[in-house]
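Dear colleague,

Please read them beside the coordinates.

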Amino acid sequence: MNAHVKPAASTALSRRSLLKAGAGLVLATYVARNGVAYAQDGAAAKSVNIAPNTFLVIGQDDTVTVLCKHIEFGQGPFTGMATLVAEELDADWTQMRADHAPSNPVLYKNLLFGVQGTGGSSAIANSYEQMRKVGAAARAMLVAAAADEWKVPAEEITVEKGIIKHASGKQSGFGALAAKAMQQPAPANPQLKDPSAFKLIGKEGAVTRLDSVAKSNGTAEYTLDIKDPGTLTVLVARSPRFGGKVASFDAAAAKAVPGVVDIKKVPNGVAVYADGFWPAKTARELLKITWDDSKAETRGTAQLLEEFRARAKKQGALVKQEGDVDAEIAKGGKLIETEFVFPYLAHAPMEPINAFIHWKGETASARYGSQFPTPDHAAIAQVLGLDIAKVELKTILAGGSFGRRAQQSTHVALELAQVAKAIGPGRPVKLVWTREDDMRGGYYRPFSLHRMRGVVRDGKIVAWSDTIVGQSIMKGSPFEAMTMKNGLDSTAYEGSNEIPYQVPNFRCDLHQVDVGVPVLWWRSVGHTHTGYAVEAFVDQLLEAAGQDPVEGRLAMMADKPRHAGVLKAVAQLADWKGAKLEAGRARGVAVVESFNTYVAQVVELSMGQEGPVVHKVWCAVDCGVAVNPDIIRAQMEGGIGFALGHILYAQQPLEEGRPVAGNFDSYRSLRINEMPQIEVAIVPSTEKPTGVGEPGVPPLGPAVANAMAKLGLPRPTQLPIRPGDTA
Amino acid sequence: MAAFTLKINGREHQIDVDPGTPLLWAIRDNVGLTGTKYGCGVAQCGACTVYVDGQTVRSCSLPVSAVGKSEVTTIEGLTSKEAVAVQKAWAAHDVPQCGYCQSGQVMSAAALLGLNPKPTDQDIDLAMNGNICRCATYVRIRAAIHSAAKSLEG
Ligand code: FES
Ligand code: FES
């Protein structure tokens with residue numbers, strides 16, 4: 001199965017152009033149209049009001065291409081969307097293909113966001129019904145076409161594995177009937193299968209990823225691979241401190257580098273245009289720039305930590321309160337206090353940030369791994385002074401994201417358009433960030449601190465207080481109104497305010513601080529730190545209460561059946577009670593819900609010369625209906641490896657405002673020799689499907705900490721666990 | 001600038017670049033083969049892995065001037081039976097997630113099987129730990145290498 005990485009029709013998605021390209025059926029209309037349509041090519045620009053809502057293209061060769069409104073950067077939406085469509089269409093898996101839908105906020109919006117975008121582990125969650133309806137409607141239209149053609153009642157026609165059949169012996173593939181099917185009215189509310197009839201959804205081995213082959217032989221195309229004729233590679237010299245500006249610069253030496261075409265001042269710094277990466281990089285190093293740091297952030301992380309600590313001594317803005325924590329503390333009992341400190345983290349996706357645009361003066365067309373096409377599209381149009389209908393934006397495969405490409409600030413789209421504007425129309429430009437640019441370029445997981453206090457009395461946890469100090473991700477972003485309550489950013493406390501445990505006296509409060517370092521959601525967002533704080537702390541309190549980590553948690557989860565469900569499942573999978581461990585080994589457990597997906601993990605580790613060595617991780621996940629079990633397992637595996645690398649090694653320290661780590665030698669990544677064995681159990685569920693891209697991450701860190709505690713070591717209070725380690 | 005003749009995947013390519021240009025960028029920007037990826041530029045990640053006279057090399061850290069008459073093989077020119085087995089196993093196990101590291105992983109895995117037809121987990125760890133996968137597909141990389149080794153038996 002090959003990914004349809006560059007189908008002929010990929011950049012021209014008007015109904016007319018698809019037909020020209022030999023596509024038989026272009027399925028329309030599941031999202032109400034409001035008369036606004038963004039042009040994708042000249043033909044569509046002339047007919048903006050009739051742009052169909054296309055999710056599906058059936059070729060005359062029987063291939064079915066699903067236009068995926070979500071970006072494929074590893075989490076599997078190509079395969080997921082195609083599974084949903086194929087299920088209801090009764091297609092054969094080998095005829096399925098997928099490609100990215102172009103930017104169009106009306107046709108391709110994320111039903112949870114209201115604009116086109118991927119994030120919050122929402123791809124399957126928001127598309128489950130929508131894509132099934134697309135498949136079911138297409139099936140009904142094909143059947144109606146066959147009935148017409150064969151002069152038989154539609155009810156007598158069956159569809160199986162891509163073949164439309166009638167008892168008379170008549171049969172056809174989809175391609176031959178596609179054109180006729182398109183003349184049929186699209187049913188407004190097509191009948192969906194009962195889950196008991198599913199052949200692909202939730203079935204082990206029924207589908208394989210659509211993109212595996214192209215991603216194993218070098219043919220999958222990423223932004224860095226774009227080589228349209230005349231494309232210039234652009235590197236920008238940016239301020240070493242966040243908020244710094246160019247005071248003056250001397251480009252004489254840089255300009256003399258062979259292959260350099262131009263050098264321009266742009267809002268973010270100085271842009272070098274060259275006919276390749278190497279001359280651009282060589283020239284950038286020869287620029288002499290004086291930076292104006294008068295508005296720059298100049299604090300280092302050591303100073304921030306002191307400030308955060310001082311704040312945490314006092315109560316912050318109240319997020320949630322039940323009972324009376326202070327009164328309970330005053331009553332006595334075992335008071336346990338601890339602090340957890342979480343560093344700035346870079347996402348460091350394998351493919352550093354980049355983007356391509358060809359501004360032709362009157363129109364522009366951009367191509368890159370845009371995770372939020374709607375705001376990116378608007379930003380590009382605005383910088384270039386073009387009507388949005390004159391700008392085309394096509395999402396392509398990206399080498400990972402982990403949140404990094406979902407830019408509510410649209411900073412990459414802006415920079416892309418600015419570098420295109422600075423050199424003028426007619427020059428296709430590929431903006432490339434080096435790995436160092438990416439690591440030192442900000443948009444980190446916020447630096448944050450939790451001060452925890454809890455009281456244990458008579459073997460029970462009777463009070464719990466969590467004071468959080470952190471920076472807001474949403475403040476000043478277009479999502480501020482949607483995600484901030486009473487001026488407080490819910491992503492700073494999500495998971496800390498609603499713990500799954502019944503504790504009679506509870507408080508969660510937040511000091512939301514301003515730091516001039518751009519921050520962003522990072523694979524599982526707030527849960528990256530709240531999951532650790534809550535799960536390491538509850539374990540510590542249960543230890544003080546003399547309770548078993550699994551039994552103790554379950555006893556406080558009476559009203560949390562899905563948390564309890566995964567916890568029991570993982571305990572069973574790992575044989576928590578019965579397993580005899582090798583000498584020197586210990587196990588820890590944690591359970592975290594994020595994005596409505598429930599994940600529990602058990603970690604088995606020993607202490608090596610330099611720190612914990614994780615041997616095995618057991619993982620139970622409840623994500624509602626499991627659409628693609630193998631992709632769910634893959635996301636749990638990947639989430640665990642991603643989490644482990646970061647809690648062991650990763651941090652982005654700032655010295656006088658300058659990010660220190662620049663590459664994988666100083667920002668150490670997990671390698672294969674450190675990857676534990678992993679066993680995943682998917683808990684059967686009939687709940688609506690929820691996402692799996694992020695939820696595998698949060699439980700791993702605290703499970704490691706809790707296993708270390710079993711070996712008599714303190715639970716790490718400052719991450720990463722091995723801060724001094726570089727590769 | 002200087003003229004070089006690079007022999008890549010059995011074909012000769014004349015290029016005119018600065019002698020310090022890393023082989024990676026000559027392959028990508030001058031020859032136009034983009035299966036070989038850039039991930040770090042400092043020999044840390046393995047995304048740029050190619051073979052030079054059959055040996056795995058981090059092409060981001062080898063200047064063009066040092067290549068000489070050596071034969072360079074990139075993912076596009078990978079045809080050995082080990083490579084075919086590895087690529088088949090990669091698809092069978094659905095190893096790739098974002099896929100960006102996978103050209104390098106496949107190059108390293110095929111080279112490993114060429115030297116050691118029956119690697120243990122430890123052999124795999126040793127041979128593959130220069131290839132970072134930020135998506136952490138390592139569990140499947142291991143499994144797929146074992147499958148590929150098995151498929152090559154007898
Ligand atoms: S790009 Fe060469 S090792 Fe990373
Ligand atoms: S598959 Fe994404 S970095 Fe390896």
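How many aromatic pairs does a search of the whole structure find over all chains? The search finds 15, where rings of Phe, Tyr and Trp (its six-membered ring) pair if their centres lie within 6.5 Å, and planes under 30 degrees apart count as stacked, over 60 as edge-to-face and the rest as tilted.

This is a predicted model, in which local features need pLDDT of at least 70 and side-chain atom pairs count only at pLDDT 80 or more, while totals for chains, interfaces and linings use all residues. Residues are numbered from 1 along each chain as its sequence is written, chains are lettered from A and ligands numbered from 1 in the order in which they are written, and side-chain values use heavy atoms, with hydrogens and water left out.

The ring centres of A:Trp522 and A:Phe642 are 4.8 Å apart with the planes at 35°, so this pair is tilted. It links distant parts of chain A, 120 residues apart, with A:Trp522 in the loop between strand S23 (505-513) and helix H15 (527-544) and A:Phe642 in helix H18 (residues 629-649); helices (H or I, at least four residues) and strands (E, at least two) are DSSP runs, numbered from the N terminus. Both A:Trp522 and A:Phe642 are buried, meaning under 20% relative accessible area (1.4 Å probe, protein chains only).

B:Trp25 and B:Tyr38 also form a tilted aromatic pair, at 5.2 Å centre to centre and 50° between the planes, and both residues are buried.

Finally, ring pairs join A:Phe242, A:Phe308, A:Tyr344, A:Tyr444 and A:Phe447 into a cluster.

Best regards

Methods
Buried < 20%, exposed > 50% of the residue type's maximum accessible area, 1.4 Å probe, protein only.
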